[in-house]
Amino acid sequence: MKEGNNFRNLEKGIKLDVDLRDNYGGYLRLDQILSAQVPLSSPPHHDEMLFIIQHQVSELWLKLIVHEIKAAIKNIEAEQLDIASKILARVKQVQRQLFEQWGVLETLTPSEYVQFRDVFGSASGFQSVQYRMLEFLLGNKNSDMLKMFPEDSASRQDLNEILNSPSIYDVFLQHLHKCGYAIPEECINREWAEPHKFNDDLVATFVDIYKHTEKNWDAYALCEQLVDVEQSFQMWRFRHMKTVERIIGFKRGSGGSSGVSFLKKALDLTFFPELLDVRTNL
């Protein structure tokens with residue numbers, strides 16, 4: 001028997017004969033996940049692996065956020081605001097992971113990027129269906145985005161369903177209306193495929209909630225969770241823009257956009273405008 005600080009005997013209870021269907025790799029489908037990184041450069045450029053993994057991991061985190069936001073919506077509809085707040089607290093932590101990932105991609109220098117940039121053609125994060133789902137779930141509705149996906153594709157069908165359903169903000173306003181808060185009619189009975197429009201009367205309702213937090217605690221707490229999610233999203237957008245600026249400068253984006261200029265315009269978009277404006281009116 002070996003002894004010393006660099007050796008540890010296996011504990012007797014550890015299973016070594018686990019069936020492939022039940023082991024760690026089988027449960028996580030690692031054979032599929034770890035074989036999905038296929039560089040197209042020939043010979044494979046070292047840094048293309050980073051680029052592929054960065055975006056694949058981002059898509060996995062986006063999948064989780066979409067999953068969580070949908071759950072938060074269901075809980076708000078069921079008047080379980082405390083559970084919805086717990087879910088949004090998790091969403092913020094996932095957003096933090098997405099934000100920090102940009103630091104990894106920023107290790108890719110412009111001279112390294114241009115050596116494999118041509119191999120993925122017009123592929124762009126702008127075409128991410130999960131990113132579009134997330135924006136729609138948060139309220140940034142734009143039916144033109146559906147045109148990027150084939151009419152008979154599952155992606156388009158899923159996105160179209162979310163487009164024509166209330167966003168998390170819409171559902172929250174419906175909840176407040178049911179609870180007796182003064183929510184303008186045009187905010188709760190409208191075309192869900194259209195983006196929410198700023199409403200001064202809604203600001204007044206939120207000001208009242210914020211001025212009397214004791215009697216409005218559940219609503220107030222969820223308001224702040226939504227603001228946190230929006231702020232995290234905006235920080236992610238900003239870091240994305242600065243990373244693109246650092247790596248490609250002011251070249252056009254691979255998907256045909258103006259690149260950095262296009263990403264800067266996205267910083268003006270907001271999901272919950274009244275929740276931000278309430279700060280000015282307190």
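**Salt bridges, a patch and a pocket**

Modeller: In this predicted model, Arg 190 forms a salt bridge with Asp 170, their closest N and O atoms being 2.8 Å apart.

Biologist: Why is the contact between Arg 190 and Asp 170 called a salt bridge?

Modeller: The rule asks for a side-chain nitrogen of Lys or Arg within 4 Å of a carboxyl oxygen of Asp or Glu. Here the closest N and O atoms are 2.8 Å apart, so the pair passes.

Biologist: And what makes this pair a tie between parts of the chain?

Modeller: Arg 190 sits in the loop between helix H9 (185-188) and helix H10 (200-211), while Asp 170 belongs to helix H8 (residues 168-178), so the pair ties together parts that are 20 residues apart in sequence.

Biologist: How do you know whether Asp 170 is buried or exposed?

Modeller: Buried means under 20% relative accessible area. Asp 170 comes out at 0%, so it counts as buried. Arg 190 has 22%, so it goes down as partly exposed.

Biologist: What about Asp 144 and Lys 147: why does that pair count as a salt bridge?

Modeller: Their side chains meet at 3.5 Å, N to O, and the limit is 4 Å, so they qualify.

Biologist: Why is Lys 147 called exposed, but Asp 144 partly exposed?

Modeller: Exposed means over 50%. Lys 147 has a relative accessible area of 64%, so it is exposed. Asp 144 has 46%, which puts it in the partly exposed class.

Biologist: How far apart are Arg 132 and Glu 135 along their helix?

Modeller: They're 3 residues apart in helix H6 (residues 129-138), which means about one helical turn between them. Along with Arg 237, they are linked in a network of salt bridges.

Biologist: Which residues make the nonpolar surface patch?

Modeller: Tyr 24, Tyr 27 and Leu 28, giving about 410 Å². Patch residues need over 30% relative accessible area. Tyr 27, in helix H1 (residues 24-27), has 68%, so it clears that cut-off and counts as exposed too.

Biologist: Which helix gives the most to the lining of the second largest pocket?

Modeller: H3, with 4 residues. Both helix H3 (48-77) and helix H7 (154-163) supply at least two. The pocket holds about 250 Å³ of space, and its lining divides into 5 nonpolar, 1 polar and 5 charged residues. Among the lining residues are Lys 70, Glu 77, Asp 158 and Ser 165.

Conventions: Residues numbered from 1 in each chain as written. Predicted model: local features only at pLDDT ≥ 70, side-chain atom pairs only at ≥ 80, totals over all residues. Heavy atoms only, no water. Patch = residues over 30% accessible without salt bridge, like charges linked within 9 Å, V, L, I, M, F, W, Y side chains within 5 Å. Areas by Shrake-Rupley, 256 points an atom, 1.4 Å probe, with all protein chains shown as cover. Buried < 20%, exposed > 50% of the residue type's maximum accessible area, 1.4 Å probe, protein only. 1 Å grid on protein atoms, 1.4 Å probe; cavity = no way out; pocket = protein on both sides within 12 Å on 5 of 7 lines; lining within 4 Å. Points joined across faces, edges and corners; volume = space filled by probe spheres on them. Nonpolar A, V, L, I, M, F, W, Y, C, P; charged D, E, K, R; others polar.
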